[in-house]
Amino acid sequence: MDFLFIIQQTLGATIGVNTIIFALAAIGLNMHFGYTGLLNFGQAGFLAVGAYSVAVSVMSFEIPLFIAFLIGILNSVLFALILGIPTLRLRADYLAIVTIAASEIIRKVARSATFNDLLGGSDGISGKFGKDFFDLNPFKSGLETSIIRFSGNDLWVVIVGWAIVAIITFLMWVMVNSPWGRVLKAIREDEDAVSSLGKNVYLYKMQSLIIGGVIGSIAGFIYALSRQSVQPDNYSTALTFFAYTVLILGGAARVFSPIIGAMIFWFLIVFIEQMLRQAVTAGYIPEWLIGVNQVGQIRFMLMGLGLMLLMIYRPQGIFGDKKELALDARA
Amino acid sequence: MQERNSNSADFFAKVEMVPGAKKMDPILVADKISRSFGGLTAVDVDHLEVQRGAITALIGPNGAGKTTFFNLLTGYDKPNKGEWSLNGKKLNDMPSFRVARLGMVRTFQLTKALYRLTVIQNMALAAKDQKGESLLRSLFPFTWRKQEAEIRLRSEEILKKFKLIDKKDDFAAALSGGQRKLLELARALMVEPELIMLDEPMAGVNPALKQSLLEHIKDLRTQGKTVLFVEHDMDMVMEISDWVVVMAQGKIIAEGPPKSIINNQDVITAYLGAHHDTELDENSESMASKNSKGGVSQ
């Protein structure tokens, strides 16, 4: 078995582009679910809005990339408003249903034949829409060491991506520790109590939905840029639930948990896959038990098992406080 | 305190002891409020005035519509018709948070402590006009730090008075039921209300804390605040209220000072039925239920 290769792949994934994308998606969810108690099951929709906004603006309308980012943010604000205006006055579970439906509507519209010319149907949009971004790359030669390896473009995405994650995490930390954040946490505990103290609960929930959504759309930008393509089926509900997994792995309502959660998530996926693949190829695992083609499925099974164990033995996540979790039972 | 009591009794010297009686200086006025759920009319209040600076109790048997009436007045539910106002300002169609900002703050029958916030966070949350509660300003702590420090100080002062200061850094969920009631009242005071609406403040509170809760409520009157409370504990009603309003089957059936209320025939009928003091045989039982219905909804 080639352990150096396994380490290289695993390390690359742990701090790689996907980790950044999932961390950002989960940071948005942390704002919604962790701090405000909003059950948003449509985070994939926000990523799709971000990704498609950038790709369509540049490819179809020849808008400069950096203005396309602004359009993406504007669109995600709009999406949050459309979602929130009818649902945020209702009970929390309505929001869950509406958001999951809305994100699926976005995906179905994106892959529909009707908008083939603009959105590319089920093939999505591919092309060099990230050119303006990659032209700024000072590290075109990439990174080449024995334990970690990034292509030039990937390295640039990773560096900029982590810078964005750092900035957003810092801003989140300031916000959730302010009186504004205190109102959000109070809303998570009991809306009626908060409005009885003169706070406009609806306004705060809307602000939270918008901010978390915009952070999700930034994850969408990175998703689109890093692959130079946008494919509708990447933004299915599975993406939302993986983002929840990441958040809960780290522990909800902790600023750093989405980052650590995303790292663990991708570390496990890639590590398990590489180990299995190498073990099968080297003959340590007999062909009749697991074939090379089955590794992709098996890694998710093992991943699921790992998550179950984590939830059983550490339900509060990595950063969570078990005492605090117990309070949920309304003792 | 004693003096204050006699003053507040003066408020009611010239007030008639009839449902919907006019008060000298009402802070809250409700008119023709009705709320029905399907075929059931839960609240049908013709007129109610609440005297400023006094403690008014709202009592009545279970299902009389007291809590529903509370919800209507504070914007947590909408009546089918009716008008009501605080200090002359109409509250119709006003969301609950605006009602609170106008100075009418309520507590809940099932205590709503914010469990995963600490006691001091519960308190600080309630302070009014916080700069740091705006989204933009929250990003610039130097714009709200000073105010936050003042709020903390005021929170701690109130917590000291309520003997919760030792618990200030505990999660609210770690408090006992009675302490949560105290916290909810203390928190309501952070909003600096003129009128405090307490929904069963004594429910589930042990006798020792009960006494301290009573003192705190009396203290509110001393500070010139108005209290309207729903309560089943008649000892409490007798001890602290200046005026008692009795509801039954959605209507106000009697009003008066506490001493007059316990001897009011309508009230006794509402609570106990018309023939509560006659002996039961098979015939009179069915009579009693018929009569008591007639008696209440007169």
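# A predicted two-chain complex: confidence, contact and folds

Over residues 1–6 of chain B, pLDDT stays under 50, and for these residues the model has four contacts beyond four places in sequence. This is a predicted model, and for the complex the predictor gives an ipTM of 0.88 and a pTM of 0.90.

**Confidence in chain B**

- Chain B has a mean pLDDT of 88, and 89% of its residues reach 70 or more.
- Confidence in chain B is highest in helix α4 (residues 119–125) of chain B, at 97, whereas helix α12 (residues 282–296) of chain B is where confidence is lowest, at a mean of 46.
- A further stretch of chain B, residues 284–298, also has a pLDDT that stays under 50, and for this stretch the model has 20 contacts beyond four places in sequence.

**The contact between the chains**

- Where chain A touches chain B, the contact takes 27 residues from chain A and 30 residues from chain B.
- On the side of chain A that touches chain B, at least two residues each are supplied by α8 (152–176), α9 (179–189), α10 (191–196), α11 (201–227) and α15 (322–327) of chain A.
- The largest share of this side of chain A comes from α9(A), which gives eight residues.
- Sorted by class, the residues of the side of chain A that touches chain B are twelve nonpolar, seven polar and eight charged.

**The four-stranded sheet of chain B**

- Chain B has an open sheet of four strands in the order β2-β1-β4-β5, in which the pairing is antiparallel.
- The edges of this sheet are held by β2 (40–51) and β5 (89–90) of chain B, and because each has a single partner strand, one side of each is left without a neighbour in the sheet.
- Ten bridges join β1(B) and β2(B) in the antiparallel sense, and among the residues involved, B:Ile33 has B:Val45 in β2(B) as its bridge partner.
- These two strands, β1(B) and β2(B), form a hairpin with two residues between them, and in the turn B:Gly38 has a positive phi of about 60°.
- Strand β1 (residues 26–37) of chain B also pairs with strand β4 (residues 81–86) of chain B, again in the antiparallel sense, over five bridges, and B:Ala30 stands opposite B:Trp84 in β4(B).
- Lying across β1, β2 and β4 of chain B is helix α2 (residues 66–73) of chain B, which runs at about 65° to β2(B).

**The six-stranded sheet of chain B**

- Another open sheet in chain B is formed by six strands in the order β6-β7-β8-β3-β9-β10, and its pairing is mixed.
- Its edge strands are β6 (104–106) and β10 (251–256) of chain B, each of which pairs on one side only.
- From one strand to the next, the twist of this sheet averages 20°.
- The strands β6(B) and β7 (residues 195–199) of chain B run parallel and are joined by three bridges, with B:Met197 in β7(B) as the bridge partner of B:Arg106.
- Helix α8 (residues 207–222) of chain B packs on this sheet, where it touches β3 (55–59), β7 and β8 (226–230) of chain B, and its direction makes about 145° with that of β8(B).

**Helix packing in chain A**

- Helix α2 (residues 17–35) of chain A packs against helix α3 (residues 43–61) of chain A at an angle of about 125°, with their axes 10 Å apart, so α2(A) is oblique to α3(A).
- In passing α3(A), α2(A) makes a right-handed crossing, and the contact is made by A:Ala25, A:Gly28 and A:Leu29 of α2(A) together with A:Gln43, A:Phe46 and A:Leu47 of α3(A).
- By class, the contact of α2(A) with α3(A) has four nonpolar and two polar residues, and no charged ones.
- The axes of α3(A) and helix α12 (residues 237–250) of chain A come within 7 Å and cross at roughly 115°, which makes α3(A) roughly perpendicular to α12(A).
- The crossing in which α3(A) passes α12(A) is right-handed, and A:Gln43, A:Ala44 and A:Leu47 in α3(A) meet A:Thr237, A:Leu239, A:Thr240 and A:Ala243 in α12(A).
- The residues of the contact of α3(A) with α12(A) divide into four nonpolar and three polar, with no charged residues.

Conventions. Residues are numbered from 1 along each chain as its sequence is written. Chains are lettered from A and ligands numbered from 1 in the order in which they are written. This is a predicted model: local features need pLDDT of at least 70, side-chain atom pairs count only at pLDDT 80 or more; totals for chains, interfaces and linings use all residues. Two strands pair if DSSP finds at least two bridges between them. Two residues are in contact if their C-beta atoms, placed from the backbone, lie within 7 Å. Axes are lines fitted to C-alpha atoms, for helices over the stretch in contact, and angles run from 0 to 180 degrees between N-to-C directions. Angles under 35 degrees count as roughly parallel, over 145 as roughly antiparallel, 65 to 115 as roughly perpendicular and the rest as oblique. A crossing is left-handed if the near helix is turned anticlockwise from the far one by less than a right angle, and right-handed if clockwise. Ala, Val, Leu, Ile, Met, Phe, Trp, Tyr, Cys and Pro count as nonpolar, Asp, Glu, Lys and Arg as charged, and the others, Gly among them, as polar. pLDDT is the predictor's confidence in each residue, from 0 to 100.
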